[in-house]
Amino acid sequence: MRKAIYISSFVFFLASCSGNYEHPMELELQRVDHALEHMSEYVALKESRISVIEESLDSPDITLQQKYGIYGRLYEEYAPYQFDRALYMLDRQEEIADSISDRSLKTTALLNKAFLLTTSGLYHEAEQTFSQLDTLSFDYQQKILWYNTRQKYLTDYQAYLKTSGIDLPEASKIATYQNLLLENTPENSYLNRHISIMLLIWANRWEEAYAENMRLIETLNKSSRDYAVQAYWQGFICENLERKEENISWWVESAICDIEGAIKDNASLCSIAIKLTDPRDTERAFKYIRLSLDDAIFYNAKLRMVQIASTMPWIEKAYIDAKE
């Protein structure tokens, strides 16, 4: 009888502890949970917007140049949403450019394709696309896109190869392209300021990066993808400054922006999940990581799927251990 009382008391104690537990950032995390509850509505809005644009392709008397522009709009919608469809829109632009023998239009489509392939981790395919470009024919906007795509390609590919202990021979050119970007874009433009902040991050100048990024964030629309990107980097900066609560707070901002914008190529929700290390947070962490993987599968960028999947085993184990 006494043993039964002890066991009952212990079970009651565990239930009480679990019931009273609340993450220090609980209110912030509840904002993420609320956004996730409405995720299907945000996706429906995205799909509706895309459908309206696609319907315009069937307009009577539409010119090939106008179709090229519509495919460009569709590419912008799909780029953070669904990789295969974004690539399809660029292929259609290439076909139109070839059919009307417009080299400039084809160049822009190829530059966008190289950038898309780079962000999706398809570095070999991106390099093949670069080889089709005539750099001497670029106009101003194409030069800027070239500099930005090359610096991103070299930066990302170098980081990817380093995990295997390999150095990319062309990595020394990263600074060249970044300096060309800074020299050829207005100082108050988003791209110029973004690159400047990234340079501070790579130099481990965290306090300066924090201040500069804060100034940039204050100028951005909270529903824009740029805001989601800079909020993610602010969280990364705070992580390195060991500001734990502010770190999560910025990733929450970024994650909510991604969810509300139906951005499937995202990083913040997974980053939050990795931070939920208390055994009592494992259910939420497991939920976030599974949703991140679902987004990556929907977007269909293989590198992103591998990155997220690599975090799953220890979160899943922690989840099972907590349940037991």
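Accessible areas here come from the Shrake-Rupley method with a 1.4 Å probe, and for residues only the protein chains shown count as cover. With that in hand, hello everyone: the accessible surface of this protein comes to about 17,400 Å², and 53% of that surface belongs to carbon and sulfur atoms.

A word on where the values come from. This is a predicted model, where local features need pLDDT of at least 70 and side-chain atom pairs count only at pLDDT 80 or more, while totals for chains, interfaces and linings use all residues. Residues are numbered from 1 along each chain as its sequence is written, and side-chain values use heavy atoms, with hydrogens and water left out.

Now the overall picture. The protein has 17 helices and 0 strands; both are DSSP runs numbered from the N terminus, helices being H or I with at least four residues and strands E with at least two. Of the 324 residues, 45% are buried (under 20% relative accessible area; exposed is over 50%, partly exposed in between, with a 1.4 Å probe and protein chains only). Taking contacts (heavy atoms within 4.5 Å) with a separation of 6 or more, 59% join residues 24 or more positions apart.

Let's look at two helix pairs. Helix α6, residues 103-119, and helix α7, residues 123-130, have axes that come within 8 Å and cross at roughly 165 degrees. Axes are lines fitted to C-alpha atoms, for helices over the stretch in contact, and angles run from 0 to 180 degrees between N-to-C directions. So α6 is roughly antiparallel to α7 (over 145 degrees; under 35 is roughly parallel, 65 to 115 roughly perpendicular, the rest oblique). Leu110, Lys113, Ala114, Leu117 and Thr118 of α6 touch Tyr123, Glu125, Ala126, Thr129 and Phe130 of α7. Those residues divide into 6 nonpolar, 2 polar and 2 charged; Ala, Val, Leu, Ile, Met, Phe, Trp, Tyr, Cys and Pro count as nonpolar, Asp, Glu, Lys and Arg as charged, and the others, Gly among them, as polar.

On to the second pair. The axes of α15 (residues 282-299) and α16 (residues 302-309) come within 9 Å and cross at roughly 165 degrees, so these helices are roughly antiparallel to each other. Ile289, Ser292, Leu293, Ala296 and Ile297 in α15 meet Arg304, Met305, Ile308 and Ala309 in α16. That contact holds 7 nonpolar residues, 1 polar and 1 charged.

One last stop: is Glu253 buried or exposed? Glu253, found in helix α13 (residues 244-260), is buried, with a relative accessible area of 16%. Leaving aside neighbours within four places in sequence, Glu253 is in contact with Arg31, Lys222, Tyr227 and Ala231.
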